Amino acid sequence: MYQFRKATEEELSVLEMNGCSKLCSVYGLDCTDEKFALFFGKLITLFGEPDYTTDDYENMYSYWIIAEDGQNKIYLEVCHGASGASVGGKPMGTDREQEKIYMKVAGELISFIESAEPSDYEWQGFYEDYDINVKYTVKDGIAYTSEYPAESEEDYE
(Lines give C-alpha, C1' and ligand atoms only; values in the text may rest on other atoms or scores of the structure.)
Protein backbone atom coordinates (compact mmCIF):
# COMPACT_ATOMS: atom_id res chain seq x y z
CA MET A 1 0.00 0.00 0.00
CA TYR A 2 1.31 3.41 -0.96
CA GLN A 3 1.20 6.68 0.94
CA PHE A 4 0.57 9.77 -1.20
CA ARG A 5 1.85 13.31 -0.74
CA LYS A 6 2.30 16.41 -2.85
CA ALA A 7 5.80 16.91 -4.27
CA THR A 8 7.99 19.48 -2.54
CA GLU A 9 9.24 22.59 -4.36
CA GLU A 10 12.66 20.95 -4.76
CA GLU A 11 11.17 17.75 -6.23
CA LEU A 12 8.87 19.81 -8.44
CA SER A 13 11.74 21.75 -10.03
CA VAL A 14 13.36 18.49 -11.18
CA LEU A 15 10.09 16.88 -12.31
CA GLU A 16 8.84 19.78 -14.41
CA MET A 17 12.00 19.81 -16.50
CA ASN A 18 11.49 16.22 -17.61
CA GLY A 19 7.76 15.98 -18.44
CA CYS A 20 5.54 12.95 -18.03
CA SER A 21 3.50 10.41 -20.00
CA LYS A 22 -0.25 9.90 -19.61
CA LEU A 23 -1.11 6.62 -17.93
CA CYS A 24 -4.89 6.71 -17.70
CA SER A 25 -7.98 8.89 -17.73
CA VAL A 26 -9.72 9.13 -14.38
CA TYR A 27 -13.23 8.39 -15.68
CA GLY A 28 -12.68 7.03 -19.18
CA LEU A 29 -15.93 7.08 -21.14
CA ASP A 30 -17.97 7.65 -17.95
CA CYS A 31 -16.86 11.29 -17.67
CA THR A 32 -19.08 14.25 -16.87
CA ASP A 33 -18.31 17.83 -15.98
CA GLU A 34 -19.83 17.23 -12.54
CA LYS A 35 -17.43 14.34 -11.89
CA PHE A 36 -14.47 16.43 -13.06
CA ALA A 37 -15.56 19.30 -10.80
CA LEU A 38 -15.87 17.02 -7.76
CA PHE A 39 -12.54 15.33 -8.53
CA PHE A 40 -10.75 18.70 -8.47
CA GLY A 41 -12.45 19.51 -5.14
CA LYS A 42 -11.22 16.20 -3.72
CA LEU A 43 -7.68 16.96 -4.87
CA ILE A 44 -7.85 20.31 -3.07
CA THR A 45 -9.01 18.53 0.11
CA LEU A 46 -6.16 16.03 0.05
CA PHE A 47 -3.26 18.02 -1.41
CA GLY A 48 -4.13 21.71 -1.10
CA GLU A 49 -3.72 24.12 -3.96
CA PRO A 50 -2.38 22.68 -7.23
CA ASP A 51 1.13 23.25 -8.51
CA TYR A 52 -0.52 25.49 -11.08
CA THR A 53 -3.94 26.42 -12.45
CA THR A 54 -4.92 28.23 -15.63
CA ASP A 55 -8.17 29.43 -17.15
CA ASP A 56 -7.68 27.00 -20.09
CA TYR A 57 -10.02 23.98 -19.82
CA GLU A 58 -7.42 21.85 -21.62
CA ASN A 59 -4.74 22.75 -19.07
CA MET A 60 -6.81 23.48 -15.95
CA TYR A 61 -4.49 22.28 -13.16
CA SER A 62 -1.61 20.01 -12.28
CA TYR A 63 -0.47 18.26 -9.10
CA TRP A 64 2.74 16.27 -8.83
CA ILE A 65 2.14 13.49 -6.32
CA ILE A 66 4.76 11.23 -4.76
CA ALA A 67 3.67 7.68 -3.92
CA GLU A 68 5.87 5.89 -1.37
CA ASP A 69 5.70 2.38 0.06
CA GLY A 70 8.80 2.48 2.26
CA GLN A 71 11.06 1.09 -0.46
CA ASN A 72 9.98 2.79 -3.67
CA LYS A 73 9.11 6.30 -4.77
CA ILE A 74 6.72 6.71 -7.72
CA TYR A 75 6.18 10.14 -9.31
CA LEU A 76 2.69 10.79 -10.67
CA GLU A 77 1.07 13.86 -12.18
CA VAL A 78 -2.67 14.38 -11.71
CA CYS A 79 -3.94 16.96 -14.16
CA HIS A 80 -6.92 18.13 -16.16
CA GLY A 81 -6.07 18.29 -19.84
CA ALA A 82 -7.79 17.97 -23.19
CA SER A 83 -9.41 14.66 -22.24
CA GLY A 84 -10.36 15.72 -18.71
CA ALA A 85 -8.86 14.47 -15.45
CA SER A 86 -5.97 12.05 -15.92
CA VAL A 87 -2.91 10.57 -14.22
CA GLY A 88 0.53 10.52 -15.77
CA GLY A 89 3.70 8.81 -14.68
CA LYS A 90 7.39 9.54 -14.44
CA PRO A 91 9.57 8.09 -15.75
CA MET A 92 7.73 6.05 -18.37
CA GLY A 93 10.06 3.75 -20.22
CA THR A 94 9.42 0.80 -22.46
CA ASP A 95 9.74 -1.64 -19.56
CA ARG A 96 6.38 -3.49 -19.27
CA GLU A 97 6.95 -4.35 -15.60
CA GLN A 98 7.58 -0.70 -14.75
CA GLU A 99 4.43 0.29 -16.67
CA LYS A 100 2.36 -2.27 -14.73
CA ILE A 101 3.64 -0.86 -11.41
CA TYR A 102 2.79 2.70 -12.47
CA MET A 103 -0.70 1.65 -13.61
CA LYS A 104 -1.33 -0.13 -10.28
CA VAL A 105 -0.16 2.88 -8.26
CA ALA A 106 -2.19 5.26 -10.46
CA GLY A 107 -5.28 3.15 -9.73
CA GLU A 108 -4.56 3.28 -5.98
CA LEU A 109 -4.14 7.06 -6.18
CA ILE A 110 -7.45 7.51 -8.02
CA SER A 111 -9.24 5.36 -5.41
CA PHE A 112 -7.62 7.40 -2.63
CA ILE A 113 -8.75 10.67 -4.22
CA GLU A 114 -12.27 9.37 -4.87
CA SER A 115 -12.67 8.48 -1.16
CA ALA A 116 -12.21 12.14 -0.09
CA GLU A 117 -14.89 14.76 0.48
CA PRO A 118 -14.56 17.64 -2.00
CA SER A 119 -13.58 21.13 -0.90
CA ASP A 120 -15.64 24.11 -1.96
CA TYR A 121 -14.13 26.13 -4.82
CA GLU A 122 -14.99 27.99 -8.00
CA TRP A 123 -13.09 27.86 -11.30
CA GLN A 124 -13.88 29.78 -14.48
CA GLY A 125 -12.17 29.39 -17.80
CA PHE A 126 -12.62 28.70 -21.47
CA TYR A 127 -12.65 25.74 -23.82
CA GLU A 128 -11.13 27.19 -26.94
CA ASP A 129 -11.92 24.19 -29.19
CA TYR A 130 -15.64 24.82 -28.74
CA ASP A 131 -15.49 28.60 -28.22
CA ILE A 132 -17.25 28.37 -24.85
CA ASN A 133 -16.74 29.62 -21.32
CA VAL A 134 -16.85 26.99 -18.58
CA LYS A 135 -17.56 27.37 -14.87
CA TYR A 136 -17.08 24.72 -12.17
CA THR A 137 -18.32 25.30 -8.64
CA VAL A 138 -18.41 22.90 -5.70
CA LYS A 139 -20.43 23.99 -2.70
CA ASP A 140 -21.28 21.71 0.25
CA GLY A 141 -20.26 18.59 -1.69
CA ILE A 142 -22.43 19.34 -4.73
CA ALA A 143 -20.98 20.19 -8.15
CA TYR A 144 -22.47 22.92 -10.32
CA THR A 145 -21.23 23.33 -13.85
CA SER A 146 -22.18 25.64 -16.68
CA GLU A 147 -21.09 26.36 -20.21
CA TYR A 148 -22.00 29.36 -22.30
CA PRO A 149 -20.79 30.68 -25.64
CA ALA A 150 -17.90 33.10 -25.68
CA GLU A 151 -19.10 36.31 -27.24
CA SER A 152 -15.77 38.04 -27.78
CA GLU A 153 -12.05 37.65 -27.31
CA GLU A 154 -12.45 39.54 -24.02
CA ASP A 155 -14.33 36.53 -22.61
CA TYR A 156 -11.02 34.62 -22.71
CA GLU A 157 -9.16 37.08 -20.51
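# Close-up views of the chain

**View A. The largest nonpolar core.** Phe39, Tyr63, Val78 and Tyr136 touch the most other members of the largest nonpolar core, which contains 38 residues. At least two residues of this core come from each of strand 2 (21–25), helix 2, strand 4, strand 5, strand 6 (84–90), helix 3 (96–114), strand 7 (121–127) and strand 8 (132–139). Helix 2 gives the most, with 7 residues. A nonpolar core is a set of buried Ala, Val, Leu, Ile, Met, Phe, Trp, Tyr and Cys residues joined through side-chain atoms within 4.5 Å. Buried denotes a relative accessible area under 20%, exposed one over 50%, and partly exposed anything in between (1.4 Å probe, protein chains only).

The structure is a predicted model, in which local features need pLDDT of at least 70 and side-chain atom pairs count only at pLDDT 80 or more, whereas totals for chains, interfaces and linings use all residues. Residues are numbered from 1 along each chain as its sequence is written, and side-chain values use heavy atoms, with hydrogens and water left out.

**View B. The whole chain.** The chain contains 3 helices and 9 strands, arranged along the sequence in the pattern β-α-β-α-β-β-β-β-α-β-β-β. Helices (H or I, at least four residues) and strands (E, at least two) are DSSP runs, numbered from the N terminus. Of the 157 residues, 42% are buried. The accessible surface of the chain is about 8700 Å², and carbon and sulfur atoms account for 48% of this surface. Such areas are computed by the Shrake-Rupley method with a 1.4 Å probe; for residues, only the protein chains shown count as cover. Among contacts in the chain with a separation of 6 or more, 57% join residues 24 or more positions apart. A contact requires heavy atoms within 4.5 Å.

**View C. Helix 2.** This helix covers residues 33–47, which are 15 residues, and spans 21 Å from its first C-alpha to its last, close to the 21 Å expected at 1.5 Å a residue. The expected span is 1.5 Å times one less than the number of residues. Buried residues of helix 2 include Phe36, Phe39, Phe40, Leu43 and Phe47. An α-helix has 3.6 residues a turn, so residues three or four places apart point the same way. After helix 2 comes Gly48, with a positive phi near 75°.

View D. Beyond its neighbours within four places in sequence, Phe39 contacts Val26, Tyr27, Tyr61, Val78, Ala85, Ile113 and Glu114. Lys42 also belongs to helix 2, and Lys42 counts as buried because its relative accessibility is 11%. With neighbours within four places in sequence again left aside, Lys42 contacts Ile113, Glu114, Ala116, Glu117, Pro118 and Ser119.

**View E. Strand 4 and its partners.** Strand 4 (residues 59–68) is mostly covered, since 8 of its 10 residues are buried. Two strands pair if DSSP finds at least two bridges between them. Strand 1 (residues 3–6) runs antiparallel to strand 4 and is joined to it by 4 bridges; Lys6 has Ile65 as its bridge partner in strand 4. Strand 5 (residues 73–81) is also antiparallel to strand 4, with 9 bridges between them, and Tyr61 is partnered there by His80. The hairpin of strand 4 and strand 5 has 4 residues between the strands, and in this hairpin Gly70 adopts a positive phi near 95°.

**View F. The hairpin of strand 3 and strand 4.** Strand 3 (residues 52–53) lies antiparallel to strand 4 and is joined to it by 2 bridges, with 5 residues between the two strands of the hairpin. Tyr52 stands opposite Ser62 of strand 4. The loop between strand 3 and strand 4 holds Thr54, which is partly exposed because its relative accessible area is 26%. Apart from neighbours within four places in sequence, Thr54 contacts Asn59, Met60 and Trp123. The C-alpha atoms of Thr54 and Gln124 are 9.2 Å apart, although these residues are 70 residues apart in sequence.

**View G. Aromatic rings around Tyr61 and Tyr63.** The structure holds 12 aromatic pairs. In one of them, the ring centres of Tyr61 and Tyr63 lie 6.0 Å apart with their planes at 70°, so this pair is edge-to-face. Rings of Phe, Tyr and Trp (its six-membered ring) pair if their centres lie within 6.5 Å; planes under 30 degrees apart count as stacked, over 60 as edge-to-face and the rest as tilted. Tyr61 is buried because its relative accessibility is 0%, and Tyr63 is buried with a relative accessible area of 0%. Ring pairs connect Phe4, Phe40, Phe47, Tyr61, Tyr63, Phe112 and Tyr121 into a cluster.
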